[in-house]
Amino acid sequence: MRVAQLKFDELSSSLSGTGLLIPCGPFCIRVRSDLREFQREFYRLYADFPVLDADTYVDFEVGVRSPNPLRRYFRPQVIFTCDGRIPFKPLPLAQAFPTFEWGLNWTIYTHAHDYLVMHAGVVERGGRCLILAADPGSGKSTLSAALAQSGWRLLSDELALIGLVDGLVRPIARPVSLKNASIGVVRSLGPQVVIGSVCPGTAKGDIAHMRAPSPSVLAMSELAKPALLIFPKYGKESALRTTSKGKAHSLGELTRHTFNFAVLAEQGFDALGRLMDQVETYSIEYSSLDQVIPEVERLWERSK
Amino acid sequence: MTAAPYTHLLIETLREPRRAAGYSVGHWQALIWQSRATELMAQLHQALDAVGAMETAPPAARRHLELAGKIATRHAAAVTSELRSLQEALEPLGIPVLLLKGAAYCALGHQASKGRLFNDLDIMVPKSALAKSEQQLIWEGWLPLHTNAYDERYYRDWTHEIPPLEHKHRATTLDVHHTILPPTSGIRPNPQDFFDAARPLNGEFSFFKVLCPADMVIHSACHLFFGEFHKGLRDLHDLNLLLSDFGQRAEFWDNLVDRARYLQLSLPLLDALTQGRRLYGTQIPDNTLRQLKACKTSPFPGFMRAWLFEHALRPAHPSAFGTTTRLANKVAFARSHWLRMPLPLLVYHLSYKAFIAP
């Protein structure tokens with residue numbers, strides 16, 4: 001059973017009542033929310049997600065709701081809850097869906113310590129994957145979204161989960177978070193692209209989410225072996241420039257992008273070391289998707 | 001509602017971990033949620049592991065418990081290294097510095113620190129040395145976290161600490177206190193008393209001091225009972241371990257009562273001891289409770305307080321809630337502010353939080 005197979009009213013009463021069980025990376029979560037706006041956005045952007053059986057082990061109970069009845073009507077606000085905890089301060093109600101997405105990211109990177117949790121996009125082809133690691137604003141999500149619309153399978157635009165034991169990357173396949181100008185860029189990639197409502201004026205500017213392509217969501221349980229690591233760097237005026245990176249430099253760089261490196265300590269260091277032995281590493285500066293995608297393809301062919 | 005069977009699940013399991021052998025998957029699931037909500041998962045893991053009950057856990061539950069154990073181990077190492085840099089930063093000032101709560105239990109290597117996670121290191125310095133300490137800490141990389149003018153004023157004028165500091169590289173948070181209770185609460189123990197009675201630490205962290213056992217217990221009790229109880233079960237877990245250690249010395253209990261009376265903090269202590277005995281079965285001499293009851297001065301009737309504590313001290317997870325738990329939590333929220341602020345200030349603060357805060 002998939003979310004899209006429910007009628008909206010069924011989904012709505014489930015989210016408002018006992019909650020809906022869906023996979024979230026390596027976890028099963030129960031989602032509850034009685035906020036209509038959130039329910040609509042969820043219905044649209046999680047359409048292909050499987051609804052898990054009621055007897056699945058539930059790792060986390062999460063919710064999106066008003067902090068108190070007053071703030072439901074007066075300057076309405078929203079909070080994310082995870083097992084009775086509220087990790088972030090309340091945000092305006094219009095940001096309910098981004099709040100949910102940020103909350104799920106938080107849930108993963110503060111708990112999934114049987115993985116290296118890296119701030120990176122991941123796409124796959126033929127069982128091997130490309131990891132895009134970068135600071136916010138470097139174009140990682142936009143590039144992940146564009147690759148996912150051009151024949152690659154999307155594992156995540158935000159979090160690479162690399163197994164500590166097997167070194168394989170676990171898909172998340174949740175909606176891709178797009179900011180400001182990249183919303184229009186991704187929308188123009190074709191009629192198949194589904195983008196939710198634009199949420200203006202968040203801490204990160206305008207935000208909208210792209211639904212993960214159906215094949216990516218359906219293949220959610222297929223792990224991938226890291227083959228190529230790219231540090232993308234978007235710049236408005238940048239000329240295309242590719243630089244091969246040494247293993248030591250890249251490992252140092254990746255410690256910065258790994259959320260739970262401090263928690264994992266030696267185990268994390270070993271896992272990063274193994275990753276470095278599996279991948280070729282480049283940094284790419286670029287100013288447009290037309291420029292960078294052929295370059296990524298070229299490096300991908302070379303890495304085989 | 002699934003509430004009923006899991007209401008006391010966490011506390012019963014912590015008290016008698018062997019019960020877990022008979023748990024269904026539903027029990028384990030709720031146990032994990034509740035221990036997460038109360039920040040007691042690593043302590044639960046220890047308790048279960050000690051009696052071999054981890055074997056009976058479903059793999060998904062075991063995964064969370066073992067990861068919590070892993071985090072706790074790392075946490076302990078991180079706290080030690082944090083204390084090292086803090087000692088290096090503050091030692092040159094030549095002022096007395098007390099470690100409070102989690103940091104103190106950790107530096108003492110006390111049983112109460114095992115598996116205990118905390119986000120902030122808490123220290124106390126004399127008020128006269130506050131500006132100097134703050135300046136030195138900023139130089140050493142701990143930068144003020146709140147920049148909003150309202151928050152700044154809230155901390156500086158109305159609480160017992162300065163706005164939290166965060167280390168610019170390690171993102172660890174440091175709370176610098178100058179006394180143990182907000183001055184606006186109306187109870188103003190003289191901080192010098194705590195410094196006078198403080199105990200030096202042996203070994204690596206000999207620059208720091210910790211509160212004497214009676215003060216440590218009273219501070220933990222105050223922290224719990226002037227607060228909103230969302231970490232109440234965790235605080236009572238600490239108190240249970242502190243008291244089962246300190247309480248072995250016969251003179252401890254009389255000292256404790258005398259000290260609480262002297263500091264005018266008998267009521268929070270009585271509440272903490274009563275709740276600790278109710279929930280964790282903490283061993284407390286009847287005479288101690290009798291003596292404290294004799295000086296008790298709460299304006300609220302006993303049955304109301306019992307109701308409030310019973311509900312507000314449940315894990316903050318719906319699986320442990322009864323029909324009036326949400327109401328009790330609201331009352332607890334109002335109560336904690338009531339106790340910490342005079343009425344006009346309370347109205348001002350809550351109005352700001354309700355209408356103006358972004």
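Student: In what order do the seven strands of the open sheet in chain B lie?

Tutor: In this predicted model, the order in chain B is β3-β4-β5-β2-β1-β7-β6, and the pairing is mixed. In general, strands of a sheet pair through backbone hydrogen bonds, either parallel or antiparallel.

Student: Which strands of chain B stand at the edges of this sheet?

Tutor: The edge strands are β3 (142–144) and β6 (199–200) of chain B; each has a single partner strand, so one side of each is left without a neighbour in the sheet.

Student: How many bridges join β6(B) to strand β7 of chain B?

Tutor: There are two bridges between β6(B) and β7 (residues 209–210) of chain B, and these strands run antiparallel. Within this pair, B:Val210 of β7(B) has B:Arg199 opposite.

Student: Which strands does helix α6 of chain B touch as it packs on the sheet?

Tutor: Helix α6 (residues 101–108) of chain B touches β1 (98–100), β2 (120–124) and β7 of chain B. The direction of α6 in chain B makes about 105 degrees with that of β1(B).

Student: What is the order of the five strands in the open sheet of chain A?

Tutor: In chain A the order is β1-β2-β3-β4-β5, with mixed pairing. At the edges stand β1 (20–24) and β5 (91–92) of chain A; each has a single partner strand, so one side of each lacks a neighbour in the sheet. Strand β2 (residues 27–32) of chain A is joined to strand β3 (residues 60–65) of chain A by four bridges, and the two run parallel. Here A:Arg32 stands opposite A:Gly63 in β3(A).

Student: How many residues of domain 1 of chain A are in contact with domain 2 of chain A?

Tutor: In domain 1 of chain A, 18 residues are in contact with 23 residues of domain 2 of chain A. On the domain 1 side, the elements giving two or more residues are α2 (36–45) and α4 (96–111) of chain A. The largest share, seven residues, comes from α4(A). By class, this side of domain 1 of chain A has 11 nonpolar, three polar and four charged residues.

Student: How many residues of chain A are in contact with chain B?

Tutor: The contact involves 14 residues of chain A and 17 residues of chain B. The chain A side divides into six nonpolar, three polar and five charged residues.

Student: Why is A:Leu272 called buried?

Tutor: A residue counts as buried if 20 or more other C-beta atoms lie within 10 Å of its own. A:Leu272 has 20 such atoms within 10 Å, and therefore is buried. A:Leu272 lies in helix α10 (residues 266–278) of chain A. Leaving aside neighbours within four places in sequence, A:Leu272 is in contact with A:Leu116, A:Leu251, A:Leu254 and A:Thr255.

Student: What radius of gyration does chain A have, and what would a compact globule have?

Tutor: For 304 residues, a compact globule would have a radius of gyration near 19 Å; chain A has 19 Å, which agrees. Along the principal axes, the C-alpha atoms of chain A fill a box of roughly 55 × 40 × 35 Å. Of the 304 residues of chain A, 46% count as buried. Chain A has 11 helices and 16 strands.

Methods:
Residues are numbered from 1 along each chain as its sequence is written. Chains are lettered from A and ligands numbered from 1 in the order in which they are written. This is a predicted model: local features need pLDDT of at least 70, side-chain atom pairs count only at pLDDT 80 or more; totals for chains, interfaces and linings use all residues. Two residues are in contact if their C-beta atoms, placed from the backbone, lie within 7 Å. Ala, Val, Leu, Ile, Met, Phe, Trp, Tyr, Cys and Pro count as nonpolar, Asp, Glu, Lys and Arg as charged, and the others, Gly among them, as polar. Two strands pair if DSSP finds at least two bridges between them. Axes are lines fitted to C-alpha atoms, for helices over the stretch in contact, and angles run from 0 to 180 degrees between N-to-C directions. A residue is buried if 20 or more other C-beta atoms lie within 10 Å of its own, exposed if 12 or fewer, and partly exposed in between; C-beta atoms are placed from the backbone. The radius of gyration is taken over C-alpha atoms; the globule rule is 2.2 Å times the number of residues to the power 0.38.
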